Amino acid sequence: MNLVEFMKIALFSLSANKLRTALSLLGIVIGVASVITMVALGTGAQEQVASQIGAMGSNLITVSPGFIRGGGGRVSQDVADIFTLELATAIKSTSPFIKHVAPTSETTALAIYSGTNIRTRVVGITPEYKEVINHYPLVGRYIRDSDVDNSEKVAVLGSEVALDLFGAENPVGQKIRLIIGERRHTLTIIGVMEPKGQVMMSNYDNRIYVPITMLINRGLTTRYVDGYSIEAVSKDVAKAAVKDVEAFMTRVLKDPDRFRVMSQDTILETVSQATSTMTLLLGSVASIALLVGGIGIMNIMLVTVSERTREIGIRKAVGAKRKHILAQFLLEAILVSVCGGLLGLGVGWGGGYLISNSMGWPFAFSLPAVVIAIGFAACVGLFFGIYPAMKAASMDPVEALGYE
Amino acid sequence: MNGAKQVFVAKGISRIYTMGDVKVHALRNVSFGIETGEYLAIMGPSGSGKSTLMHIMGCLDRPSSGSLYLKGEPIDSLSDAELAEIRNTEIGFVFQSFNLLPNMNILENVELPLLYGGVPAPERLARAKQVLKAVGLQDRLHHRPSEISGGQRQRAAIARALANRPSIVLADEPTGNLDTATGKEIMELFDELNLRGNTIILVTHEREVADHASRIIYIKDGQIEYIEKRVEV
């Protein structure tokens with residue numbers, strides 16, 4: 001007796017009780033479909049995060065003041081005192097692995113142009129910033145060194161800000177008014193940035209860039225910046241650069257808790273750890289569905305075995321060996337779970353596609369997840385089928401025939 | 001006793017069932033021999049142990065003690081798989097309630113022992129058709145058991161018993177579920193099989209059925225009461 005003949009017998013028995021087969025199939029379909037969907041959505045989220053972090057600039061390191069414990073989340077003045085424009089140059093000269101250091105300062109302001117006003121973020125920068133975060137002007141020009149030196153009242157608009165304030169009009173050369181705190185400033189638009197979209201938590205298109213000196217001298221009237229964005233020479237030396245910066249900052253501030261150095265790597269690590277934990281969690285929850293489906297198969301198989309006691313007796317009476325009966329019932333269970341797995345694959349893929357389409361979630365159909373889900377389904381069939389099959393195989397022929 | 005000529009030799013076989021705390025002696029120290037090509041009937045009241053004896057000879061059950069020799073070979077030391085093989089190749093079993101698989105058609109039912117015997121598909125089909133023709137069911141190949149009469153079902157069951165060309169046919173009350181006329185037809189089939197050289201052993205409690213045999217063993221309370229040798233018909 002070969003496998004094909006066993007398959008025929010198994011298929012025959014399965015088709016003899018279609019509703020029952022369909023129901024046990026359904027359990028596996030739901031299990032596999034949820035594993036496929038959940039893992040695909042999780043992997044999609046992971047990939048999106050990774051690509052967004054990549055979009056922030058390839059070798060980005062940020063330095064910001066640390067929060068002093070018990071200070072209500074505020075930066076203490078002595079720490080803020082250290083964060084000056086001049087420190088940027090000092091940081092740059094501390095390590096050969098640093099390409100650019102761009103000090104940044106941020107505030108919220110009201111931007112007004114001919115009756116339209118919007119609340120937006122104003123970011124004070126230096127010319128290096130565009131390379132550091134990999135974001136360039138689309139129209140006009142960027143902030144120049146001379147703008148920074150003279151605290152020029154010029155601005156580069158993010159693409160959304162430009163659209164909101166100017167619509168179809170070309171903003172370059174126009175003047176807008178910014179209300180920062182109590183003060184009003186009139187700025188000349190010198191450029192508009194290319195759209196970058198939402199990256200991580202920040203929207204780069206909903207910003208106005210101004211020379212950092214203009215923001216801290218004229219706008220905020222302070223001497224201090226919010227932090228520094230640093231570009232490492234290359235990805236390979238980013239870690240070394242982080243080390244150098246940390247060493248330098250510790251020397252300056254004398255306490256590693258008073259500043260924070262974050263590299264793209266650490267962000268990527270943190271976030272991808274979080275998303276892969278999420279994927280794992282989703283996958284495990286879905287696996288429980290698969291497990292329940294497997295228990296369903298076992299349940300149905302046990303009912304089937306006791307219902308087909310006489311059939312087993314007859315088969316044994318005409319010469320079926322233990323292994324024949326075992327193979328027949330085991331194959332039935334595996335067939336159900338593999339078919340369920342394949343159907344679940346289709347349903348999961350379709351479901352995941354629909355969810356990602358309608359919710360705008362990323363979706364990555366990963367081959368390992370497919371292989372694992374189908375393999376797992378087959379194992380579920382094998383595992384939950386083996387007990388009922390053994391029960392069937394070890395039946396006593398006389399008892400099974402319903403004698404006595 | 002001549003072992004080579006005898007298909008079955010029973011030496012003091014007993015069968016004890018344990019039902020809870022109660023031990024039921026279905027067979028007590030039974031010894032006999034059955035000649036090759038013999039036509040034997042086993043008679044006795046219900047509960048006498050005749051079915052148990054049948055199951056032991058059919059390799060469906062094992063004696064609790066004593067030995068049974070099939071064609072000179074002791075079978076109590078054989079494994080379950082070896083017993084299954086004997087059931088498949090040496091013995092054809094016919095049941096009172098036919099025991100055909102209801103979901104399969106007659107042809108598939110008859111093919112079953114050949115399937116487990118490892119006969120390749122084309123030969124299987126040919127042999128099943130041939131044996132079904134021999135019992136007169138060539139027009140009922142694709143009918144389900146529920147779609148044919150009781151007599152036809154028993155013919156199909158006999159065809160299944162004969163499919164793998166066993167030398168021994170065991171029949172447990174083969175006419176028990178049939179009317180008198182159909183029962184007679186089935187018995188004629190057994191007579192014919194015996195004439196062709198098959199050893200036929202049948203269990204019955206009907207005298208007319210037992211009269212077809214050349215020897216009748218009477219069993220009562222798990223023991224052989226007496227053996228009646230009949231004149232060849």
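Q: Which residue in β10(B) is the bridge partner of B:K220?
A: B:Q223 is the partner of B:K220. Keep in mind that this is a predicted model.

Q: How many bridges join β9(B) to β10(B), and do they run parallel or antiparallel?
A: Six bridges link β9 (residues 215-220) of chain B with β10(B), and the two strands run antiparallel.

Q: What sheet are they in?
A: An open sheet of six strands in chain B, ordered β6-β7-β8-β3-β9-β10, with mixed pairing. The edge strands are β6 (91-94) and β10 (223-229) of chain B, each pairing on one side only. On average, neighbouring strands are turned by 15° against each other, direction ignored.

Q: Which helix packs on the sheet?
A: Helix α5 (residues 150-163) of chain B does, touching β6 and β7 (168-172) of chain B. The direction of α5 makes about 165° with that of β6(B).

Q: Switching to the interface. What area is buried between chain A and chain B?
A: About 2,300 Å², with carbon and sulfur atoms giving 61% of that. In residues, 24 of chain A are in contact with 28 of chain B.

Q: How many salt bridges between chain A and chain B?
A: Three. One of them pairs A:E5 with B:R124, where the closest N and O atoms are 2.6 Å apart.

Q: Which parts of chain A supply the side that touches chain B?
A: α1 (3-16), α11 (309-317), α12 (322-359) and α14 (397-400) of chain A each supply at least two residues. The largest share, six residues, comes from α11(A).

Q: How do the residues on that side of chain A divide into nonpolar, polar and charged?
A: Twelve are nonpolar, three polar and nine charged.

Conventions:
Residues are numbered from 1 along each chain as its sequence is written. Chains are lettered from A and ligands numbered from 1 in the order in which they are written. This is a predicted model: local features need pLDDT of at least 70, side-chain atom pairs count only at pLDDT 80 or more; totals for chains, interfaces and linings use all residues. Side-chain values use heavy atoms; hydrogens and water are left out. Contact means heavy atoms within 4.5 Å. Buried area is the accessible area (1.4 Å probe) that two parts lose on being put together, summed over both. A salt bridge is a side-chain nitrogen of Lys or Arg within 4 Å of a carboxyl oxygen of Asp or Glu. Helices (H or I, at least four residues) and strands (E, at least two) are DSSP runs, numbered from the N terminus. Ala, Val, Leu, Ile, Met, Phe, Trp, Tyr, Cys and Pro count as nonpolar, Asp, Glu, Lys and Arg as charged, and the others, Gly among them, as polar. Two strands pair if DSSP finds at least two bridges between them. Axes are lines fitted to C-alpha atoms, for helices over the stretch in contact, and angles run from 0 to 180 degrees between N-to-C directions.
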